[in-house]
Every structure is written in structure tokens, then in C-alpha cells.
Amino acid sequence: EASYTQFDGEEYIFGGTSLKRKDGGDLYATYSLTIQSGEATLYWMEGDNKIVIAEASDEGIYEFTIPAGKNFIVLEGETFTGTLNLKVSQNNSKGD
């Protein structure tokens, strides 16, 4: 969970360049993005490809498979004020 005030830039929230998971690479990102002002985009970066998860106030579950290489979930903001709640797990449950 994070709150932002006039945030400009990119924040790498989850991922890495050599993730090796003994239980496989299928993951679920449960998210809630609230934009009070400015702009924000939550996206998954697979290699050099940006795959938008949300770019408006929204909530949901995004399913993805981590391939070998560079993989990140990123929040990009432009004078963004608001909140982001994000949980990455191996199941699609909203519970802990």
C-alpha cells in the first residue's frame, strides 16, 4: 500500500531480471489504483514491452506469466496524487 502526493516518475514495485520460481511463473496482481489528481499508469514491463494494467482509477486482478528476462510491475506518475494497493500472489484470491 502506498500514498502519493504530486509524484512524477517511475516506481518499480515488483520484479527483477532473473526471477526463477520453483512453483512456476503464473502470478496474479490484485490492485486498486485511486487517482485523485494528475495522471498515473500501472503497467507490467516484459522485456521492453509495456502492458498497461490500469491508467484510471480502477481495481481488479491481472494475471500474468513471468518469462525469462526482465519483468517488472511499474507505477508511472505525472503530478499523481492518490493511492495504490498491490498484492502479487500465486492464486487469484483477494484475501491474504
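Predicted model: local features only at pLDDT ≥ 70, side-chain atom pairs only at ≥ 80, totals over all residues.
**Exercise 1. Describe the fold of the protein chain in outline.**

Step 1. Start with the elements: the protein chain has 5 strands and 0 helices, in the order β-β-β-β-β from the N terminus. Both kinds of element are DSSP runs numbered from the N terminus, helices (H or I) with at least four residues and strands (E) with at least two.
Step 2. Turn to burial: of the 96 residues, 35% are buried (under 20% relative accessible area; exposed is over 50% and partly exposed in between, with a 1.4 Å probe and protein chains only).
Step 3. Now the contacts (heavy atoms within 4.5 Å): among those between residues at least 6 apart in sequence, 79% join residues at least 24 apart.

**Exercise 2. Which residues of the largest nonpolar core touch the most other members?**

Step 1. Such a core is a set of buried Ala, Val, Leu, Ile, Met, Phe, Trp, Tyr and Cys residues joined through side-chain atoms within 4.5 Å.
Step 2. The largest one has 18 residues, and Leu33, Leu42, Tyr62, Phe64, Leu75 and Phe80 touch the most other members.
Step 3. Strand E1 (2-16), E2, strand E3 (49-54), strand E4 (58-65) and strand E5 (71-89) each give two or more residues to this core, and E2 gives the largest share, 7 residues.
Step 4. For one member in detail, take leucine 33: beyond residues up to four places away in sequence, its contacts include Leu75, Phe80 and Leu84.

**Exercise 3. Is serine 32 buried or exposed?**

Step 1. Serine 32 lies in strand E2 (residues 26-46).
Step 2. Its relative accessibility is 18%, so serine 32 counts as buried.
Step 3. Leaving aside residues up to four places away in sequence, serine 32 touches Asp58, Glu59, Thr83, Leu84 and Asn85.

**Exercise 4. Why does the ring pair of tyrosine 4 and phenylalanine 80 count as tilted?**

Step 1. Rings of Phe, Tyr and Trp (its six-membered ring) pair if their centres lie within 6.5 Å; planes under 30 degrees apart count as stacked, over 60 as edge-to-face and the rest as tilted.
Step 2. The whole structure holds 6 aromatic pairs. In the pair of tyrosine 4 and phenylalanine 80, the centres are 5.4 Å apart and the planes stand at 35 degrees, so the pair is tilted.
Step 3. This pair links distant parts of the chain, with tyrosine 4 in strand E1 and phenylalanine 80 in strand E5, 76 residues apart.
Step 4. Tyrosine 4 and phenylalanine 80 are both buried, and Tyr4, Phe7 and Phe80 form one aromatic cluster.

**Exercise 5. How many bridges join E2 to E3?**

Step 1. Two strands pair if DSSP finds at least two bridges between them.
Step 2. Here 5 bridges join E2 to E3, and the two run antiparallel; tyrosine 43, for one, has valine 52 in E3 as its bridge partner.
Step 3. E2 and E3 form a hairpin with 2 residues between them, and glycine 47 in the turn has a positive phi of about 65 degrees.

Definitions and conventions: Residues numbered from 1 in each chain as written. Heavy atoms only, no water.
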